[in-house]
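Here is a short briefing on one protein model. Look at the sequence and the structure first, then read the points by topic.

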Amino acid sequence: MTERNNGSSEGRPGRSPHPQEQGNRYDATDAAERWSDQKGTTQEQAMAAAIGAGSPQDVGQNTRVATSHPILQTVGEALPESGSFAFPAFDDHRPPDKQLIDECVHCGFCLPTCPTYVLFGEEMDSPRGRIYLMNKGLAEESMNDTMVRHWELCLGCMACVTACPSGVQYDKLIETTRAQIERRYERRADDKMFREMIFRFFPYRSRLRLAAGPLRLYQRFGLDKKLRKAGAIGRLPARMRAMEALMPKLAKEQKIPEYTSPVGEKRRRVGVLIGCVQQVFFSQVNVATARVLAAEGCEVVAPKHQGCCGALSTHAGREKESLAFARKTIDTFEAENLDNVIVNAAGCGSTMKEYAYLLRDDAEYAERAKAFSDKVKDVSEFLYELGAVAERHPLPVSAAYHDACHLAHAQGVRKEPRQVLKQIPGMEIKEIQEAEICCGSAGIYNMIEPEPAAELGERKAKNVFRTGAPLIVTSNPGCMLQIQASLKKMGHDVPMAHPMQVLDASLRGEPVEALLR
């Protein structure tokens with residue numbers, strides 16, 4: 001049973017100053033200690049390797065190092081609360097698994113990789129703190145505003161999964177917890193309405209296209225610049241300002257054929273997920289992906305009636321909706337008799353690889369989901385395993401490669417995109433400091449939690465800009481939007497590309513200027 005009260009944290013006496021009130025103190029320039037010894041000790045090197053960092057100096061630091069004094073206040077704690085609570089915190093439908101919870105030994109390896117712990121220095125905003133709350137919620141405590149706030153500040157980046165020496169499956173724990181929140185926690189009306197608006201549009205290409213039309217006019221006539229100059233943008237609510245800032249430059253949507261023949265001898269028959277945001281806002285990535293696959297001897301199938309894979313819904317705890325999307329995706333691609341299903345968006349790929357787990361209780365789909373997930377490959381992962389046959393033409397350029405969290409941490413795909421890019425003559429890959437720290441995109445996180453997302457975006461943008469590379473390469477549309485917006489806010493305009501756009505340019509013999517426009 002869910003009960004409500006009229007509790008509010010506004011005007012709470014003795015409240016610590018909100019971090020935003022004191023400016024951005026999470027400056028990437030000062031955010032990490034730098035050793036004079038670039039290699040670090042053997043122990044430090046082992047720690048860096050365990051969490052997926054390139055070197056000890058790239059490990060994110062907690063706030064007691066990153067700032068002049070620790071932040072004791074969680075961002076957003078003083079926001080108006082709904083006053084909702086439910087006891088017990090979880091119902092009987094897929095609560096957080098006690099066995100998975102007990103695998104956490106509270107060692108602390110996750111702390112320096114957790115974006116919210118790095119920002120706030122608050123134990124309950126770390127993976128082990130959130131797991132502690134899950135354990136309390138199983139029997140002892142009700143689901144309330146404070147508990148939900150700590151869980152919802154999690155970006156779901158899964159850096160802790162990479163870092164954990166005990167193999168704690170935090171991804172499964174946080175996703176089941178979020179599904180419980182969606183069922184049992186009564187949000188404020190404005191919060192509920194904003195989230196519902198997102199999910200009425202983003203998983204549906206036809207609806208996104210309707211929205212994209214006016215947005216193109218908005219950009220073409222310079223209304224964004226005029227409204228910003230007039231100060232009108234600054235008067236919008238924070239979430240709406242964040243959405244406006246994240247808008248990409250909208251070009252005409254390009255579509256790929258339903259069937260594309262291989263160049264030369266046929267090596268594989270593959271399906272391609274064109275996605276929702278990817279197709280409407282980054283259709284050029286899909287076109288490049290299809291050309292690259294065909295050039296490498298693949299017959300490419302892009303099913304006409306494919307829809308959303310359910311990634312955004314899964315990560316947001318919208319269980320019923322996400323499973324419906326998963327079933328439809330399986331039905332669509334299953335009919336095409338494919339060797340592999342290729343995905344070029346990291347968040348989509350990580351969810352599709354988990355269909356077997358998500359549909360484990362579905363008698364009709366459990367086995368089919370497992371067979372489907374076994375065929376899913378990130379496009380860089382697939383090309384690395386397939387091996388190159390098409391000629392690569394030189395692209396003399398250095399590029400900063402950003403690891404999308406749901407590719408590096410959730411899928412464990414790190415070396416493959418780098419190796420695929422290094423096959424291009426003249427291509428130089430520059431690594432980014434604090435590579436394991438999320439950029440702040442995280443699905444819909446940068447729209448519903450704009451403050452911490454903006455700080456993480458600025459931190460990432462500074463580290464990217466410090467590489468000096470004239471090009472940024474990453475494998476996720478959300479990361480592209482987030483990093484571009486953060487760089488723009490800092491007054492920088494650095495071109496970005498998907499690995500498939502870079503490889504496509506090489507295969508077609510295009511000049512490097514085509515990527516740098």
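Which residues are buried in H25? They are Pro477, Gly478, Cys479, Met480, Leu481, Gln482, Ile483, Ala485, Ser486 and Leu487. Buried means under 20% relative accessible area, exposed means over 50%, and partly exposed lies in between (1.4 Å probe, protein chains only).

This is a predicted model: local features need pLDDT of at least 70, side-chain atom pairs count only at pLDDT 80 or more, and totals for chains, interfaces and linings use all residues. Residues are numbered from 1 along each chain as its sequence is written, and side-chain values use heavy atoms, with hydrogens and water left out.

**Overview and confidence**

- The protein has 27 helices and 11 strands. Helices (H or I, at least four residues) and strands (E, at least two) are DSSP runs, numbered from the N terminus.
- Of its 517 residues, 57% count as buried.
- Residues 24 or more positions apart account for 81% of the contacts with a separation of 6 or more. Contact means heavy atoms within 4.5 Å.
- The average pLDDT is 85, and 83% of the residues score at least 70. pLDDT is the predictor's confidence in each residue, from 0 to 100.
- Residues 1-38 have pLDDT below 50; this stretch has 84 contacts in the model beyond near neighbours in sequence.
- Residues 56-79 also fall below 50, with 91 contacts beyond near neighbours in sequence.
- Where pLDDT is low, the predicted coordinates should not be read in detail.

- Helix H25 covers residues 477-489. Its 13 residues should span 18 Å at 1.5 Å a residue, and its end C-alpha atoms are 18 Å apart, which agrees. The expected span is 1.5 Å times one less than the number of residues.
- H25 is mostly covered, with 10 of its 13 residues buried.
- Glycine 491 follows H25 and has a positive phi, near 90°.
- Helix H14 (residues 283-295) has 13 residues and reaches 19 Å from first C-alpha to last, close to the expected 18 Å.
- In H14, 10 of the 13 residues are buried, so the helix is largely enclosed by the rest of the structure. Among them are Ser283, Asn286, Thr289 and Leu293.
- Glycine 297 follows H14; its phi is positive, near 85°.

**A parallel sheet**

- An open sheet is formed by 4 strands in the order E9-E8-E10-E11, with parallel pairing. Two strands pair if DSSP finds at least two bridges between them.
- E9 and E11 (496-497) stand at the edges with a single partner strand each, so one side of each has no neighbour in the sheet.
- E8 (residues 397-402) pairs with E9 in the parallel sense over 4 bridges. Valine 397 has methionine 427 of E9 as its bridge partner.
- E8 also runs parallel to E10 (residues 471-474), joined by 4 bridges. Here alanine 399 stands opposite leucine 471 of E10.
- In a regular strand the side chains alternate between the two faces of the sheet.
- E9 (residues 427-430) has Met427 and Ile429 on a covered face, and Glu428 and Lys430 on an uncovered one.

**Aromatic rings and charges**

- The whole structure holds 4 aromatic pairs. Rings of Phe, Tyr and Trp (its six-membered ring) pair if their centres lie within 6.5 Å; planes under 30 degrees apart count as stacked, over 60 as edge-to-face and the rest as tilted.
- Tyrosine 355 and phenylalanine 372 are stacked, because their ring centres are 5.5 Å apart and their planes are at 20°.
- Tyrosine 355 lies in H18 (residues 355-358) and phenylalanine 372 in H19 (residues 366-375), so the pair ties together parts 17 residues apart in sequence.
- Tyrosine 355 is buried at 0% relative accessibility, and phenylalanine 372 is buried at 6%.
- Phe333, Tyr355 and Phe372 form one aromatic cluster.
- The charged end of arginine 360 sits over the ring of tyrosine 357, 3.9 Å from its centre. A charge sits over a ring if NZ of Lys or CZ of Arg is within 6 Å of the ring centre and within 35 degrees of the ring normal.
- Arginine 327 lies over the face of tyrosine 365, 5.9 Å from the ring centre.

**Valine 343**

- Valine 343 is in strand E6 (residues 340-343). It is buried, with a relative accessible area of 1%.
- Not counting residues up to four places away in sequence, valine 343 touches several residues, including Leu273, Cys348, Met352 and Val376.
- The C-alpha atoms of valine 343 and threonine 289 are separated by 9.2 Å; these residues are 54 apart along the chain.
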